[in-house]
Amino acid sequence: MIKVGLVCPYNMFRGGGVQECVMALRDGIEARGHEAYIITPQPSDYDGQSIKGLIMIGSARPFRAARTTAQISASVDLEKLNTMLKEEDFDVLHFHEPWVPMLSMQILQRSSAIHVGTFHAAMSERRTSRTVEKVITPYTKSILKYLDVLTAVSPTATNYVQTLTDRNISIVPNGIDLKKYHNGNIDHPTKKHRTILYIGRLEKRKGVKHLITAFSILKHAHPEYRLVIAGDGPDREKLETQVDEFGIKDVNFLGYIEENQKLQLLQEATIFCSPALYGESFGIVLLEAMASGCVTVAGNNSGYESVLEGRGQLSLVNPKDSVEFARRLAILGNDSVLRGAWREWAKNSVSKYDYDIVIDQYVKIYEAACAKRNKT
């Protein structure tokens with residue numbers, strides 16, 4: 001049996017792709033007969049309740065960068081950290097986003113376990129300021145020497161790290177629980193409305209303003225379409241103003257939605273659209289749409305390109321080309337033969353991203369690293 005500590009620098013009580021991956025990985029490791037715990041900072045509003053499988057070290061505070069706010073580790077109680085590492089005696093510590101200050105660094109400097117690092121973010125596309133880059137680069141270089149195994153969720157997520165090291169970086173993709181999704185998205189020609197669905201943050205890099213522009217063009221030719229925008233963020237007011245100024249009808253802002261509502265919307269939508277411009281290392285939202293049988297149009301950033309391969313490339317479009325964007329929405333929304341072919345591709349392609357397969361890959365990495373250490 002292997003004892004694994006999964007280190008997540010983000011607030012585990014807030015949703016996010018990294019947090020979801022860490023929670024699924026913990027459950028999957030334990031289902032395979034091993035032992036797993038999540039090590040994470042304690043949120044400022046934490047009520048003190050003990051949660052099984054969760055070890056909280058230090059505190060989490062809001063951090064704003066590139067118009068996005070996340071809660072990351074702000075301070076670490078070193079005495080508590082040293083005691084925890086001694087008592088738990090982990091075989092493997094798996095660091096997710098190890099470049100994020102400061103929890104990972106403090107653990108890496110004190111741990112004698114095998115250290116696995118996974119890079120999730122598309123750092124090379126984040127358009128960070130020179131000041132931020134000057135801080136991140138030396139910090140990341142300093143942690144690489146402590147990591148025994150390097151992994152990343154996609155080729156895009158390796159781009160930044162590969163500028164800092166010539167070591168091998170294994171690709172282990174993000175995943176989803178396919179059992180949650182029902183591939184029952186079926187076209188109904190008698191439907192009065194056809195729906196384009198966006199789910200995600202409302203911020204500049206997500207390209208929603210370009211979706212609204214393209215939708216305004218589509219709407220003139222195809223009045224039966226409506227646009228549903230689920231999610232919240234700093235640009236919501238600007239986007240609502242854009243809709244008013246364009247005089248577009250049938251645009252509905254839902255705000256934050258629960259998981260069950262998201263699954264229902266994906267089941268019912270004609271097109272799922274994620275027009276992100278940059279900063280996407282992978283695209284879990286694309287996998288969710290694919291698993292739901294919801295035909296997709298997506299921004300042609302490198303992270304999405306790594307998911308939408310083969311026939312899936314039909315989905316890729318430059319969001320800033322409004323005329324072509326609107327044309328792609330119309331074609332993939334109306335052509336039943338093309339939609340059927342896309343769904344067939346999606347059903348086959350998404351199967352390799354099931355969490356059972358992804359977790360097996362990580363467990364094999366742990367086992368190989370432990371075997372290698374035992375030989376020395």
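In which helix is the place of Lys 80? Lys 80 has its place in helix H2, where helices (H or I, at least four residues) and strands (E, at least two) are DSSP runs that are numbered from the N terminus. The structure shown is a predicted model, in which local features need pLDDT of at least 70 and side-chain atom pairs count only at pLDDT 80 or more, while totals for chains, interfaces and linings use all residues. Residues are numbered from 1 along each chain as its sequence is written, and side-chain values use heavy atoms, with hydrogens and water left out.

View 1. Between the C-alpha atoms of Thr 158 and His 120 the separation is 8.6 Å, whereas along the chain the two residues are 38 residues apart.

**View 2. The aromatic pair of Phe 282 and Tyr 353.** A pair of aromatic rings is described by the distance of the centres and the angle of the planes. Rings of Phe, Tyr and Trp (its six-membered ring) pair if their centres lie within 6.5 Å, and planes under 30 degrees apart count as stacked, over 60 as edge-to-face and the rest as tilted. There are 3 aromatic pairs in the structure, and one of them, formed by Phe 282 and Tyr 353, is edge-to-face, with 5.6 Å from centre to centre and 75° between the planes. Because Phe 282 lies in the loop between strand E12 (271–274) and helix H9 (284–292), and Tyr 353 in the loop between helix H12 (336–350) and helix H13 (355–375), the pair ties together parts that are 71 residues apart in sequence. Phe 282 and Tyr 353 are both buried.

**View 3. Salt bridges of Arg 205, Asp 232 and Glu 344.** A salt bridge is a side-chain nitrogen of Lys or Arg within 4 Å of a carboxyl oxygen of Asp or Glu, and by this rule the count comes to 19 salt bridges. Arg 205 forms one with Glu 203, with 3.2 Å between the closest N and O atoms, and both of these residues are buried. The two also take part in a network of salt bridges that links Arg 201, Glu 203, Arg 205, Lys 206 and Glu 280. In the salt bridge of Asp 232 with Arg 236, the closest N and O atoms are 3.6 Å apart; Asp 232 is partly exposed at 37% relative accessibility, as is Arg 236, with a relative accessible area of 22%. Glu 344 and Arg 311 meet through their side chains in a salt bridge of 4.0 Å, N to O. This pair links distant parts of the chain, with Glu 344 in helix H12 and Arg 311 in the loop between helix H10 (302–305) and strand E14 (316–317), 33 residues apart.

**View 4. Backbone angles at Asp 89, Asp 250 and Met 102.** Most residues other than glycine have a negative phi, and most peptide bonds are trans. Asp 89, in the loop between helix H2 (78–88) and E5, has a positive phi, near 50°, and counts as exposed at 56% relative accessibility. Asp 250, in the loop between helix H7 (236–246) and strand E11 (251–255), has a positive phi of about 65° although it is not a glycine, and is partly exposed, with a relative accessible area of 38%. The peptide bond that joins Pro 101 and Met 102 is cis, with omega about -5°, and Met 102 is found in the loop between strand E5 (92–96) and helix H3 (103–108).

Methods
Buried < 20%, exposed > 50% of the residue type's maximum accessible area, 1.4 Å probe, protein only.
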